[in-house]
Structure formats: structure tokens, C-alpha cells
Amino acid sequence: MTLLNKDAWEAAAGVTLVAGLTVGAVLYLRRKRPTEEELERARRKMLALSGRVIDGMLLDIREITVEDGRSLTMLEYSYRSAGVDYECSQDITTLLSVIDLGEMRAGFPCSVRYQPGNPQNSIVISETWSGLRSSLPVYPLIGPSKHQEIGQLRPDRG
């Protein structure tokens, strides 16, 4: 009689294990996978929070049409990291409400956030961070008083 109970318990455990694995497999296969936009938003968030910042240059802003007929706004930029030049593009279509395209000009400097172990993974704009600069930097002029101080250091001026 104890042998029958042992076999019954083993069979019940086996059935429970198979049923549990089946339910787990069905739930795993039917889970909601993130969309491409959700993955891109997560990538931008990760780079905005932990990416290394470096100087870059805006190259161009262009609209392209993809195979399914959608129009994408692409921001092209370049930067140099560890002696290697990178030219990248970022889809900014979903970020058009955050930025003003009229202020962006090719040839303007920008800041780029990139992943240190994977420098080609980079952004210029995210929902919480922008590497765009509103204008070119303005450097102060050296006034006459500065020229006098420099001139006083010359040996021929006594």
C-alpha cells in the first residue's frame, strides 16, 4: 500500500510539473513584446541618464520616406571619440514637439551622449536632455587693458 502511494505522489508531481511548464511556456510566448518605439525610447532614456558627453557637429536634418510610406525626420551628426570619427543619424520624428527645427542649423556644434563601451550608440536629443545649442558661442574680446598688461611683459618695453 505504501508503494502505491509513492507511485501516486510521483505521478501527481510529474503531472503538476508538466502543467506548470506548459502554463509558463504559454505565458512566455504570449507576453507583450515592446514595440520599436518603446525600445528606442528606452535607449534614449538610458543614454540621457548614463551616456558620456562629447562635442559633435550637426551635419544635416532631412526627411526620408520609408517603405511603409511613413515620413521620418532624421538628424545627422558627427563626433570623434578616442581618435575615431563617427557619423550617425537619429530619428527625431517623435521628438518634434520638444525641439524647434528652425533653430537647428548644419555646421552648428552640439553635444552628443554616447555609450562608452559602444560609441556608435549615441544621441543628440531625448525627452529629458538636449545637446542642441541655441547659438554659436560668443567669446569675450580682449580689451585695451589686457593688451597693456601683455605689452608690459615685453623686454623692449622696459
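Helices (H or I, at least four residues) and strands (E, at least two) are DSSP runs, numbered from the N terminus. With that in hand, here's the chain: three helices and five strands, running α-α-β-β-β-β-β-α along the sequence. It's a predicted model, so the cut-offs matter: local features need pLDDT of at least 70, side-chain atom pairs count only at pLDDT 80 or more, and totals for chains, interfaces and linings use all residues. Residues are numbered from 1 along each chain as its sequence is written, and side-chain values use heavy atoms, with hydrogens and water left out.

**Overall packing**

- Of the chain's 158 residues, 25% count as buried, where buried means under 20% relative accessible area, exposed over 50%, and partly exposed in between (1.4 Å probe, protein chains only).
- Take the contacts between residues at least 6 apart in sequence: 53% of them join residues at least 24 apart, with contact meaning heavy atoms within 4.5 Å.

**Helix H2**

- H2 has 15 residues and reaches 21 Å from its first C-alpha to its last, close to the 21 Å expected at 1.5 Å a residue; that expected span is 1.5 Å times one less than the number of residues.
- Its buried residues are Arg44, Leu47 and Ala48.
- These sit on the same side of H2, because they cover an arc of only 100° around the axis (the arc is that of the directions from the helix axis to the C-beta atoms).
- On the face turned away from that buried side you'll find the exposed residues Leu39, Lys45 and Leu49.
- The cover over the buried residues of H2 includes strands E3 (84-91), E4 (109-115) and E5 (118-123).

**Leu47 up close**

- Leu47 lies in helix H2, and it counts as buried because its relative accessibility is 0%.
- Not counting residues up to four places away in sequence, Leu47 touches Arg113, Tyr114, Gln115, Asn121, Ser122 and Ile123.
- Leu47 and Ile123 are 76 residues apart along the chain, yet 7.2 Å separates their C-alpha atoms.

**The largest pocket**

- Rolling a probe the size of a water molecule over the atoms shows where empty space is left.
- The grid here has 1 Å spacing over the protein atoms alone; a cavity is a set of points where a 1.4 Å probe fits but cannot get out, while a pocket is an open set with protein on both sides within 12 Å along at least five of seven lines, and lining residues have an atom within 4 Å of a point.
- The largest pocket comes to about 310 Å³, a volume being the space filled by probe spheres set on the points, which are joined across faces, edges and corners.
- Its lining is made up of Glu36, Glu37, Glu40, Arg41, Arg44, Arg70, Leu72, Asp91, Thr93, Thr94 and Glu127.
- Helix H2 (residues 36-50) supplies the largest share of that lining, five residues.
- By class, the lining has one nonpolar, two polar and eight charged residues (nonpolar: Ala, Val, Leu, Ile, Met, Phe, Trp, Tyr, Cys and Pro; charged: Asp, Glu, Lys and Arg; polar: the others, Gly among them).

- Ser81 is in strand E2 and counts as buried at 9% relative accessibility.
- Leaving aside neighbours within four places in sequence, Ser81 is in contact with Ile54, Tyr86 and Tyr114.
- The C-alpha atoms of Ser81 and Asp55, 26 residues apart along the chain, are separated by 9.3 Å.
- Ala82 is in the loop between strand E2 (71-81) and E3, and is exposed with a relative accessible area of 80%.
- Check the backbone at Ala82: its phi is positive, about 55°, although it is not a glycine.
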